[in-house]
Amino acid sequence: MAELTQGGEVVYSPRTVQAWRALLNWLGFFFQIFLQILRALGHLPLLSSSSSSSSPSSSSSPSFKPLPVIELPDQDLPADSAVQIADVHDSDADSDDRTEKLTVVLDLDETLVCAYETSSLPPGVRNQATEAGLKWFELECFSSDKECEGRPKINYVTVFERPGLREFLKQLGEFADLVLFTAGLEGYARPLVDKIDAGNLLSRRLYRPSTISTEYREHVKDLSGLAKDMCRIVIVDNNPFSFLLQPVNGIPCIPFSAGQPHDKQLLDVLLPLLKELSQQKDVRPVLYQRFHMPEWFQKQGIPSTGWTSVDG
């Protein structure tokens, strides 16, 4: 019998108890497999700012929903923020002279590519990405770590290109000046960019030493030294905190990983938007109306005093 009754209490037989234990063990086994699959698909880009930042707040940053218009905060905004944005709108009606070429600053990891240490990449991830048509290549790059003999350590990296990357760079280069700005280390990023930019479409390449630290975040990308006119420069980055100094010059894009082989952000979303911006005398009013980044940064506890002036 599966159970016995003793003194009004139900007592399960040893065979029933063993069956329950076996069932629980199987459930635990499948749960561990499920966790391993999640860990394999979720990754941090190798040597990028998100994986190496020493800032304790960087790992706990609130999630950000890019590209749709961000919900405005309920509380009233400081008056100085409203004045600055108003100044930006007024600057669009200046002259009808021919505007200079748009400068587009591009992030690398999780924006154009995603990278894994080859030794830790589950074979199933690469196989699924390959079967889905995702382009990838392997790379040797120098690490900041040293071997015991003092020689630079070599890392082996597997890099997945975001779908449409080469065509995106080609078409974008026809109407914009392209700048690569990554928080990754040069020993890792330089050979990677050499691979994806064989046509030398990128006019400049900037690495981690070119970023700055602020009161609120590390590895921030200051755009003020990249263009004479802040009206004609835009940055595309999956990490909005990268452009917290110029919030109305930023386009927050959806992060890319190897688990997104059918991603269409570059050609179907970002390229049309950048073409539209290239025809504007001042990109900032358009970007403000679409993303409302100043309000978003204030929601994250970064006041307007943490930005550089948006009037320039």
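Of the 312 residues in the protein, 45% are buried. The structure described here is a predicted model. Its secondary structure consists of nine helices and 10 strands. Among contacts between residues at least 6 apart in sequence, 74% join residues at least 24 apart.

In soluble globular proteins, nonpolar side chains tend to be buried together. In this model, the largest nonpolar core has 60 residues, of which Val104, Phe168, Leu172, Leu192, Ile251, Leu274 and Leu277 touch the most other members. Helix H7 gives the most to this core, contributing six residues. A second core of nine residues is separate, and Ala129, Leu134, Phe160 and Phe256 are included in it.

Helix H7 packs against helix H5, which spans residues 165-172; the two axes come within 10 Å and cross at roughly 10 degrees. An angle under 35 degrees counts as roughly parallel, and H5 and H7 are therefore roughly parallel to each other. On the H5 side, the contact is made by Leu165, Glu167, Phe168, Gln171 and Leu172, and on the H7 side by Leu266, Leu267, Leu270, Leu271, Leu274 and Lys275. By class, this contact of H5 with H7 has eight nonpolar, one polar and two charged residues.

Helix H7 (residues 265-278) also packs against helix H8 (residues 283-291), at an angle of about 140 degrees and with the axes 9 Å apart. That angle makes H7 oblique to H8. The crossing of H7 past H8 is right-handed. Leu273, Glu276 and Leu277 of H7 meet Val283, Val286, Leu287, Arg290 and Phe291 of H8. The contact of H7 with H8 has six nonpolar residues, two charged residues and no polar ones.

Helix H8 is largely enclosed by the rest of the structure, because seven of its nine residues are buried. The buried residues are Val283, Arg284, Pro285, Val286, Leu287, Tyr288 and Phe291. Among them, Val283, Val286, Leu287 and Phe291 also take part in the contact with H7. Just after H8, His292 has a positive phi of about 50 degrees.

Methods
Residues numbered from 1 in each chain as written. Predicted model: local features only at pLDDT ≥ 70, side-chain atom pairs only at ≥ 80, totals over all residues. Heavy atoms only, no water. Axes fitted to C-alpha atoms, helices over the stretch in contact; angles between N-to-C directions. Helix = DSSP H or I, 4+ residues; strand = E, 2+ residues; numbered from the N terminus. Parallel < 35°, antiparallel > 145°, perpendicular 65-115°, else oblique. Left-handed = near helix turned anticlockwise from the far one by under 90°. Contact = heavy atoms within 4.5 Å. Nonpolar A, V, L, I, M, F, W, Y, C, P; charged D, E, K, R; others polar. Buried < 20%, exposed > 50% of the residue type's maximum accessible area, 1.4 Å probe, protein only. Core = buried A, V, L, I, M, F, W, Y, C linked by side-chain atoms within 4.5 Å.
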